[in-house]
Amino acid sequence: MPGPSKPAAIGQGEARFDAALAQAGRGGDASRDAPLRDFSKMTRGDLFGWMNNRIRAGELSLDDSSGLLALSGGGAMGAIGSGSSDAVPPADAQHVDFFQLAQDRIAAARHRREHDAEAAHLVALGVMQRFQAPS
């Protein structure tokens with residue numbers, strides 16, 4: 001059996017983003033029942049809580065949430081389900097632009113050729129776009 005395919009070559013980010021969303025079964029409009037958020041002005045705790053609520057509602061898988069977990073400051077990729085207190089983001093009231101943070105982490109992962117981290121952050125960016133509240 002072939003293993004999971006690696007993302008395409010560097011410089012084809014848009015194609016990888018589409019592929020990551022398709023692989024995650026994402027794309028299209030947000031669920032009508034899911035509350036929309038402004039991911040450009042959230043605290044880390046808000047993002048973590050929203051992510052957990054979407055997982056409980058069955059709108060987000062644990063695999064798809066790994067990039068969001070990393071963005072929230074709740075530990076490294078894959079910390080969900082570890083039982084570790086490191087999987088909880090720090091409690092602070094600072095608002096973060098998670099769109100910008102995701103884009104920065106995607107660029108950094110591409111630079112370091114960390115394809116798994118890049119793919120996880122691409123999926124996180126797609127999830128945020130899907131659930132972004134209109135301005």
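The model is predicted, with local features needing pLDDT of at least 70 and side-chain atom pairs counting only at pLDDT 80 or more, while totals for chains, interfaces and linings use all residues. Residues are numbered from 1 along each chain as its sequence is written, and side-chain values use heavy atoms, with hydrogens and water left out.

Q: What makes the pattern of the protein chain α-α-α-α-α?
A: Helices are DSSP runs of H or I with at least four residues, strands are runs of E with at least two, and both are numbered from the N terminus. The protein chain has five helices and zero strands, and read along the sequence that gives α-α-α-α-α.

Q: Why are H4 and H5 called roughly antiparallel?
A: Let's start with the angle. Axes are lines fitted to C-alpha atoms, for helices over the stretch in contact, and angles run from 0 to 180 degrees between N-to-C directions. Helix H4 (residues 98-112) and helix H5 (residues 115-130) pack at about 160 degrees, with axes 8 Å apart. Under 35 degrees is roughly parallel, over 145 roughly antiparallel, 65 to 115 roughly perpendicular, and the rest oblique. H4 and H5 are therefore roughly antiparallel.

Q: Which residues of H4 and H5 meet?
A: Contact means heavy atoms within 4.5 Å. On the H4 side you'll find Phe-98, Phe-99, Ala-102, Gln-103, Arg-105, Ile-106, Ala-109 and Arg-110, and they meet Ala-117, Glu-118, His-121, Leu-122, Leu-125, Met-128 and Gln-129 of H5. Sorted by class, this contact has nine nonpolar, three polar and three charged residues. Here Ala, Val, Leu, Ile, Met, Phe, Trp, Tyr, Cys and Pro count as nonpolar, Asp, Glu, Lys and Arg as charged, and the others, Gly among them, as polar.

Q: How do you know that the span of H5 agrees with what it should be?
A: The expected span is 1.5 Å times one less than the number of residues. For the 16 residues of H5 that comes to 22 Å, and the end C-alpha atoms are 22 Å apart, so the two agree. Helix H2 (residues 44-56) gets the check too: its 13 residues reach 18 Å from first C-alpha to last, close to the 18 Å expected.

Q: What makes H5 mostly covered?
A: Buried means under 20% relative accessible area, exposed means over 50%, and partly exposed is in between (1.4 Å probe, protein chains only). In H5, twelve of the 16 residues are buried, among them Ala-120, Val-123, Gly-126 and Val-127. For the protein chain, buried residues make up 39% of the 135 residues.

Q: Which helices do the buried residues of H2 pack against?
A: They pack against helix H3 (66-72), H4 and H5. The buried residues of H2 are Arg-44, Leu-47, Phe-48, Trp-50, Met-51, Asn-52 and Arg-54.

Q: Why does Thr-43 count as buried?
A: Thr-43 has 10% relative accessibility, so it counts as buried. You'll find Thr-43 in the loop between helix H1 (13-23) and H2. Not counting residues up to four places away in sequence, Thr-43 touches Asp-92, Ala-93, Gln-94, His-95 and Phe-98.

Q: Is Arg-113 buried or exposed?
A: Arg-113 counts as exposed because its relative accessibility is 63%. This residue lies in the loop between H4 and H5.

Q: Why is Gly-73 called partly exposed?
A: Gly-73 has 31% relative accessibility, so partly exposed is the label. Gly-73 sits in the loop between H3 and H4. From Gly-73 to Arg-44 it's 29 residues in sequence, and 6.7 Å in space from C-alpha to C-alpha.

Q: How do you know that Ala-102 is buried?
A: Its relative accessible area is 0%, so Ala-102 is buried. Ala-102 and Met-128 are 26 residues apart in sequence, with 9.7 Å between their C-alpha atoms.
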